[in-house]
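Subject: Structure handover

Hello,

Below is the structure I said I would pass on. My notes on what was found in it follow.

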Amino acid sequence: MPRTKRTVVDGGVYHILNRGHNKDKIFCRAGDFERFKEIINGYKEKFDYELYHYCIMPNHFHLLMKIGKADELSPLMKGICQSYANYYRNTYEHVGYLFQNRYKSIFIEDDSYLLECARYIERNPVRANLADKVSGYPWSSYGHYAGRHRDDFITINPLFETLAGNEKGRREVYIDYMSKSRPYEYIVVERIRSFK
């Protein structure tokens, strides 16, 4: 079956995800998660993009990013995935495909969805039973927004700035916003799964 052409626009915001071949683990220890973050950060020197949110799970990853030039999304993601696959092969003597397919990209047409998408991404470990609460999972951008650690490659989500009049207030609102499960949350999960 031929691949469908992606809709990519200059300055577009995308929810990007990819997972391991056969849903296998692709991040096995702390060094793997850190290396993936380093790779993402390294590509900021080559491509015009802003990373708003991320979550790196044991067998997949999520990124919410704004792309400056439409034609750079594909080489950016190809570079990130290939660089990590090379690292993984060298580290674990892995043979064959690491990722199940090419990455998926979901165009975020409405800016008002930016925080909801961030919420979906950062609550992923809770839904997967890898953490009891969002703050209990170390491999996401949640800690950056909550003031628990700093990720220098993060560009602050524009809607985060609207949550309150000062940094402390924004963090408090954000922590509350991310901490509560919602009944419809699992409907959104099904929508995202349809892209996998």
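**Histidine contact and the strands around it**

The side chains of H15 and H62 are joined by a polar contact of 2.9 Å. Please keep in mind that this is a predicted model. H15 is located in strand β1 (residues 13–19), and its relative accessibility of 1% means that H15 counts as buried.

β1 pairs with strand β3 in the antiparallel sense, over seven bridges. In that pairing, I16 stands opposite L63 of β3. L63 is also the bridge partner of Y54.

The other pairing to look at is that of strand β2 (residues 49–56) with β3 (residues 60–67), which is antiparallel and runs over seven bridges. One of the bridge partners here is F61 in β3, which pairs with I56. Between β2 and β3 there is a hairpin of three residues.

**Aromatic rings and charges**

The structure holds 17 aromatic pairs. One of them is formed by Y142 and Y174: the ring centres are 6.2 Å apart and the planes are at 25 degrees, so this pair is stacked. Y142 belongs to helix α5 (residues 142–145) and Y174 to helix α6 (residues 167–179), so the pair ties together parts that are 32 residues apart in sequence.

For K44 the ring is that of Y49, with the charged end 5.1 Å from the ring centre. For K46 the ring is that of Y43, and the distance to the centre is 4.8 Å.

**A helix and a loop residue**

Helix α3 (residues 114–122) is mostly covered, with eight of its nine residues buried. These are L114, L115, C117, A118, R119, Y120, I121 and E122.

D24 is in the loop between β1 and α1 (30–42). With a relative accessible area of 43%, D24 is partly exposed. Its C-alpha atom is 8.4 Å from that of L98, a residue 74 positions away along the chain.

**Confidence**

The protein has a mean pLDDT of 90, and 90% of its residues reach 70 or more. Among its elements, β2 has the highest mean pLDDT, 98, while helix α7 (residues 185–193) has the lowest, 49. Residues 187–192 have pLDDT below 50, and beyond near neighbours in sequence this stretch has nine contacts in the model.

Regards

Key
Residues numbered from 1 in each chain as written. Predicted model: local features only at pLDDT ≥ 70, side-chain atom pairs only at ≥ 80, totals over all residues. Heavy atoms only, no water. Pairing = 2+ DSSP bridges. Helix = DSSP H or I, 4+ residues; strand = E, 2+ residues; numbered from the N terminus. Phe/Tyr/Trp six-rings, centres within 6.5 Å; stacked < 30°, edge-to-face > 60°. Lys NZ or Arg CZ within 6 Å of the ring centre and 35° of its normal. Buried < 20%, exposed > 50% of the residue type's maximum accessible area, 1.4 Å probe, protein only. Polar contact = N/O pair within 3.5 Å; in protein donor to acceptor, adjacent residues only side chain to side chain. pLDDT = per-residue confidence, 0-100. Contact = heavy atoms within 4.5 Å.
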